[in-house]
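Dear colleague,

I am passing on a structure for you to look at, and my notes on it follow directly below.

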Amino acid sequence: LQEHRPTQIVGSGICTFCALLSKEMAITLCVVIPLLVFAQHNCYRGPQNARDWLTNNWRAVMAPFVATAIYLCLRIILVPGFIHAQPLDGAADSVPARIMLVARSLMFYVGLVFYPFDKLEPSHQLRHESLIGISPENMVAVSVVIGIALAFVATTLSRRKPGTSTLILAASLVSLTPVLNFVPLGLAGYIGANRFLAFPLALLVIAIAVAVVPLAGGSARPSAKRISGAAAVISSTFVLVFLAGEAAFVRPAVRIWHSDLTLFAWTFEKHPDDSAMGIRYVAALNEVARHNPQAQPTLEATLQRVMNIPDVHKRLSEQESGFPVIVAALLTLGQTDAANWYTDRLPAIRDPDVRLQLLLQKIQLLQTDARKVEARTVLGAALAEYRRVNDHRRSTGLHLAGARQAILEGDAAALTESIEQLRRSASPGHLADALAKLTKFHHEVCQRESDPVKRAGCLSQQIG
C-alpha cells in the first residue's frame, strides 16, 4: 500500500472482504490497516504528522473501508439478526452495568495476556452473570482502567508525530474492540473467550519488539549504553521467566489434554456444575462406550450426573447441539424410551443441523423397534431436510438409515444401492464402522424371524 499501485490497493480490499467473510473480528481492519501502514511509514521514513500523512495516502487506505462497507450492506440484507447480542437481565441491563461490562471485558483480556496460567480448562471464558451485584469500589477501579485506555488511544491519535510502537499498540487495542461488549455478545451465556486474543496479541508482541529492540541496540553515549544494557537484561530475564512459567504450566497440561476423554473428565471433575463441560464429557465417553461395553456403567453414571445439574435444560435450549449428544448416549445404553422423549422435541429445534441429527436418531429408534412405516416417513422428512440445508456431512448417516430401512423391508436392490452410496460418500474408517453397524442390525432383524429355515437363510447373507 505504500507504493499506491492500483493492483495492490484493489488486492488489499479483496483480502479485507475475504477476511470479513472468514471472521467477524476483521471488522476492525478498516482502522487497523491504516494504523499499521502509518506505523510502517514512520519506521522507515521517519515520524510524520498524521494529518499530512493521511492527506497524501488516503487512496491507499480507502480500500479496507470500501470492503467493510460492502460487507456490512450484504450482511444487513442477507443475514437475519445483524448483531448476535446477549440479553442482560435485571440490574445488569443499566448504564452503569454496561460500562462495567466493557471494562470487565477489557480487564479479562489484559489479564489473559499477562497471566494465562490460572487454569487448564479447554478455554478461558467470561460469563455475563459475573456482572450481577456491581459494587461502587469495582466501578471506581473499572472507570480508571477505561479512562487510561481511552486516554492512551486519544493521545496516540492526537500526537503530532506518534511513534511506531505506539501506533501498533493502538492497533492492537482497536482490534480488540469487537469483543469488549459495547453490544453484549451472544456466545451462549459467555461474553468473552480467549480465542479472540489471537490477532490483538500478535500486534501487541510486534509493538513490544519494536519498542525493545532499539533499546538493546546500544549507543555511543555511556549513559545510553548503561540504559540499553539494563533494558536488554530486563527483557531477557522477563522472557526466560515467562518461558519457565509456560513450561511449568504445559507439563501437567500434556497429560490432561491427551484426548477429549481425559480433558473433559478432568474439567468436569473440577467444575461438576458446568453442564456444558458435562455434555462434552458425555460425548467423549460415548465414543469409548460404543466400542467398549465396560465403559457403559461410567457413561450411565456420568449422564445421570449431568442431567441432575440444575441449569442443564436451559443450556440445552441455548446450545441445541447438546440434544444429539444426549440421545446418542441413551442409544448406546439401550434406553430407547428416554431417547424417544428427546427426539420428540424435533418441532421445537431451530438449528437445521441439529434437526437433521435428531431425525437420523429418530429413524434409528424406529428401525430398532421394527416400525417400518413410521421409519420410512421420518426418513423421507430427513431426506427433505438434507436437500434443504445441503449438509454433505450428514450424507453418510442418511445412506446408513436408507440401508437399515432396506434391511427391515427385505429390499435387496435398495440395500445394494444404499451400500454403494455409502462407499462413495464415507471415508474408509467410517465405511467400516457403517458396515459393522449394518451387519449387527441385520443379525438383530434376522433373529426376529419365527421360521427357523428363513432365519438361517437370513443369517447366512453377508452385508457389504
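A pocket is here an open set of grid points with protein on both sides within 12 Å along at least five of seven lines, and its lining residues are those that have an atom within 4 Å of a point. Please keep in mind that this is a predicted model.

With that definition, the largest pocket holds about 1,600 Å³ of space, and its lining is made up of 40 residues, among which Arg290, Gln364, Leu400, Asp433 and Lys437 lie nearest the centre. At least two lining residues are supplied by each of helix H10 (275–289), helix H13 (322–332), helix H15 (352–368), helix H17 (395–409) and helix H19 (428–447). Sorted by class, the lining of the largest pocket comprises 17 polar, 14 nonpolar and 9 charged residues.

Val66 belongs to helix H3, and it counts as partly exposed because its relative accessibility is 42%, a value in between the limits of 20% for buried and 50% for exposed.

Ala39, by contrast, sits in helix H2 (residues 29–45) and is buried, since its relative accessible area is 1%, where buried means under 20%. The C-alpha atom of Ala39 is separated by 7.3 Å from that of Gly163, although the two residues are 124 residues apart along the chain.

With best regards

Methods: Residues are numbered from 1 along each chain as its sequence is written. This is a predicted model: local features need pLDDT of at least 70, side-chain atom pairs count only at pLDDT 80 or more; totals for chains, interfaces and linings use all residues. Side-chain values use heavy atoms; hydrogens and water are left out. On a 1 Å grid over the protein atoms alone, a cavity is a set of points where a 1.4 Å probe fits but cannot get out, and a pocket is an open set with protein on both sides within 12 Å along at least five of seven lines; lining residues have an atom within 4 Å of a point. Grid points are joined across faces, edges and corners, and a volume is the space filled by probe spheres set on the points. Helices (H or I, at least four residues) and strands (E, at least two) are DSSP runs, numbered from the N terminus. Ala, Val, Leu, Ile, Met, Phe, Trp, Tyr, Cys and Pro count as nonpolar, Asp, Glu, Lys and Arg as charged, and the others, Gly among them, as polar. Buried means under 20% relative accessible area, exposed over 50%, partly exposed in between (1.4 Å probe, protein chains only).
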